[in-house]
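Please work through the exercises below with the structure in view. Each task is followed by a worked solution.

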Amino acid sequence: MARNKKEVEIVNEANENAIANKETEGLSQGQIVFRRFIRHRAAMISVVFLFTLIVIVYTALDWRIGDKDEPLFTIPGWWKYGFEDMPDLRFEDCPGGTVGCPSIDAVPFLDGDGVSLGDHPFGQDDIGRDYLALVMRGAQRSILVMFIIGIIAATLGTVIGAIAGYFRGWVDAILMRLVDFIITVPVIIIGAVIGFHFGNKGAAFLALLLGLFAWTGLSRLVRGEFLTLREREFVDAARVAGASNRRIIFKHILPNAVGVIIVSVTLLMSGAILLETALSYLGFGVVAPDVSLGLLISTYQDAFTTRPWLFWYPGLFIIAIALCINFIGDGLRDAFDPRQRRRLSRKDKANARQGKSRAEVA
Amino acid sequence: MLAYVIRRLGALVVILFGSSFLLYNLSAVSTDPLAELRLSDAQNKEQLILNLTRELRLDLPPPLRYFIWLRGVLGIFVGNPNFGLTREQEPVVDAILGAIPTTIRLVFVATIVAIVLGIALGITSALRQYTRFDYGMTFFAFLLFSLPIFWVAVLLKQYLAIDFNDFLVTAKISPPWIIGLSIAAGFFWAAIISGTRKRVTLIFIGVFIANSIFLTALSASEWFSYPRLGPIAIAVLGVGIAFGVTYLSVGLSDKNALKTTLLMAAIGTISYFPAQAVLNSNRPRLGMLVLFVVLVLVSIAGAWLFARVDRGPVIRTSIITSSLIGLLILVDRMMQAWRPYVESDDVNFRPVATIGQSRVWLTEVPFWVRVLDFAMHLILPTLALTLISFAGYIRFSRGTLLDVLNQDYIRTARAKGLTERTVIMRHAFRNTMIPLTTIMVGDIAGIVGGAIITERVFAWQGMGTLFNKAINTFDLNLLMGVILFLSTLAILANLVADLLYSVLDPRIRVGAGK
């Protein structure tokens, strides 16, 4: 039966191809990629979800511009507590004699009342700090670290890879030996060495330094792309037309390598957020009094049996962010992959089977 | 080839030099071993600072100190390496050599399980492309990609160790659990096998009923309190293995192979009885070796007798079958040690350990109890590491197999009229394994590095612990020792991966050009 199906599929392939080609007629490469990406359902859901999450996270707490204690002015957040505030610990109606349990009520109407946030939706920590505020602050740090590492690594990796691949020769040799020096040591080790010494200088500085060591994998990929692309005719054409090296690199070759770069950077970013949490967990990342998701988990992992909410919420935020980035990366990879054909809907397939193209149907 | 290896080894030395110089200075510049002393209010503070400065040569700038360290390391070429002393005046080499076996034990099983499971799921997923199972696997893999290992570890500790140990007190599976697990199993198999709706429903119901009966039987017979396999279960599983391995390896249409593997199942079951005596002897390790050698020899002989033509594949199939049955016998022997193990004072009916690498045994314990103890401590870290690392294998093997299946030679193979099994297992799977092997080997250093977190979570005393200690005590010699070890491992693994690639894929010629 399986074989029979396969034959039918092969017969249909030509028709399906016709439909797929019809759709891309007269579109630029960018438009095709964009359309493909829009159609990737998981990736689109992830984009929307991640964007919403980032907005929620960054508007939750007060932004103090200027001096920390006496700010010039404050942009108020939507949440009433800051991550340094210490409201009274809630003692009443917590399960099993614990304190500071979450007041969130997500079960609608089953227990008599509707959905409500309550005073401390995610509960409180040992000294009464509101856990929602802490998690928001932690997520802010983690997302910040993720983007800084992503941007620095993307810039460095692209530029260094491009230079090495384009100029080859001794420039390439030197740059690639530098890559070898860094890439042989597992990234968590470098991260720990850096984090231990510079973690107290703040999350942004830590991310900056981590970014300086995270570009190696990307630069190898970019170099590989450049090595093949620089032999192509359009590069020769540009050179004959008198274009400078810089122009050839950035205007002619780079746009052709952008797919590889974008996909690799998204994956690098999802790795970065896990790296930051892992380092903070080990004590080599963001350190108290600042807050990060990994640090929260590390602090409260022993409280799991008694006060599991202290453990669940930061973890869920890490997973949500990393999962979104991974799905976006997957969507981008599919969108940039020239071999990727759109999976046709059932209706399209039925049309193809009857030998009709979409135009005829319409 | 030899010239290529030598050139690569030369590059290794250069790279190690560069990366160690970089990291030495990075960590030396940013550490201040004297900070603690400066803040102290000891009487002889000045003297202490002076002593430490002299001891660690802090009077020299880091680049110069690096060369002092390097001089000791370069002794490796004259047979007198000196990696320096740790802050506790213990040679760094000893500290690292002491930690390696622990880390290997931690990483080894997890890697194997991750590879086998990951490839199996990835390939199934590729063969069922764009089905619900495929989407489910993709989501599952991405979820695993996004999980922080320390977070998973805490969950595992709670639900697989503490709760499972609680469950073992009664060892009764409650009806909701039986139904829940059976539904899950039904969905899983129905999704894998797929087909028409009627077929899927039938499979689901069949698996559901079989699974329910199985779990109820396990629960009623108190199997979890007294786990055992015994000759009957080994015989049944053996026949299953015989069919499974034959199907995957040469196909069930090869009657000679099927006869051989079934014979192996029978011989394996019979060998259960003499094996007990061998395994209970004073030399259990030798016993294991003897058991496997005998099984392998018998399976070769059996295959030789049954298969007149094309002996190679049959011999291979029969060796795999008998080795798996041998493993079952070992598992059974370990299960026999279960009662003495859980009843002992150290364990006290809580066999699944949450931390540590073995329990402290005040008294001498039998060999198999010790093996079981190791196994019980391995379960959680292995699961955590497996969960984290096999997502990559799922994605990679799926992607590679799909690439391979699009190749022309696969179409040719199908056009020749080969069975789907032959096309997949012989033409597609083998070619999938080429890039997979190199990825696996290349991953090793990363996995060892990643074990740092796992060791911390589960309180194992391996490389990760050394590394943590080195950083926290500003122990530059120890730190450099660990880093040097890991980066050497990484480079060597890469070299091996490249060489393997050229061995597996004759199209690639290593060292060609230049």
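The exercises that follow concern a predicted model and treat confidence, a helix pair and a chain contact in turn.

**Exercise 1.** Determine where in chain A confidence is lowest and where it is highest.

*Solution.* Begin with the chain as a whole: the mean pLDDT of chain A is 80, and 80% of its residues reach 70 or more. Next, compare the elements. Helix 9 (residues 233-240) of chain A has the highest confidence, at 93, while helix 14 (residues 358-361) of chain A has the lowest, at a mean of 42. Finally, inspect residues 356-362 of chain A, where pLDDT stays under 50 and the model has ten contacts beyond four places in sequence.

**Exercise 2.** Classify the packing of helix 3 of chain A against helix 12 of chain A.

*Solution.* First, take the geometry: the axes of helix 3 (residues 41-60) of chain A and helix 12 of chain A lie 8 Å apart, at an angle of about 140 degrees. Because of this angle, helix 3 of chain A is oblique to helix 12 of chain A. The crossing of the two helices is left-handed. Then list the partners: residues including Phe49(A) and Leu53(A) of helix 3 meet residues of helix 12, among them Phe327(A) and Asp330(A).

**Exercise 3.** Describe the side of chain A that touches chain B.

*Solution.* Count first: chain A gives 34 residues to the contact and chain B gives 35. Next, find the sources: helices 5, 6, 10 and 12 of chain A each supply at least two residues of this side. Helix 12 of chain A provides the largest share, eight residues. Lastly, sort by type: 23 residues of this side are nonpolar, eight polar and three charged.

Definitions and conventions. Residues are numbered from 1 along each chain as its sequence is written. Chains are lettered from A and ligands numbered from 1 in the order in which they are written. This is a predicted model: local features need pLDDT of at least 70, side-chain atom pairs count only at pLDDT 80 or more; totals for chains, interfaces and linings use all residues. Two residues are in contact if their C-beta atoms, placed from the backbone, lie within 7 Å. Helices (H or I, at least four residues) and strands (E, at least two) are DSSP runs, numbered from the N terminus. Ala, Val, Leu, Ile, Met, Phe, Trp, Tyr, Cys and Pro count as nonpolar, Asp, Glu, Lys and Arg as charged, and the others, Gly among them, as polar. pLDDT is the predictor's confidence in each residue, from 0 to 100. Axes are lines fitted to C-alpha atoms, for helices over the stretch in contact, and angles run from 0 to 180 degrees between N-to-C directions. Angles under 35 degrees count as roughly parallel, over 145 as roughly antiparallel, 65 to 115 as roughly perpendicular and the rest as oblique. A crossing is left-handed if the near helix is turned anticlockwise from the far one by less than a right angle, and right-handed if clockwise.
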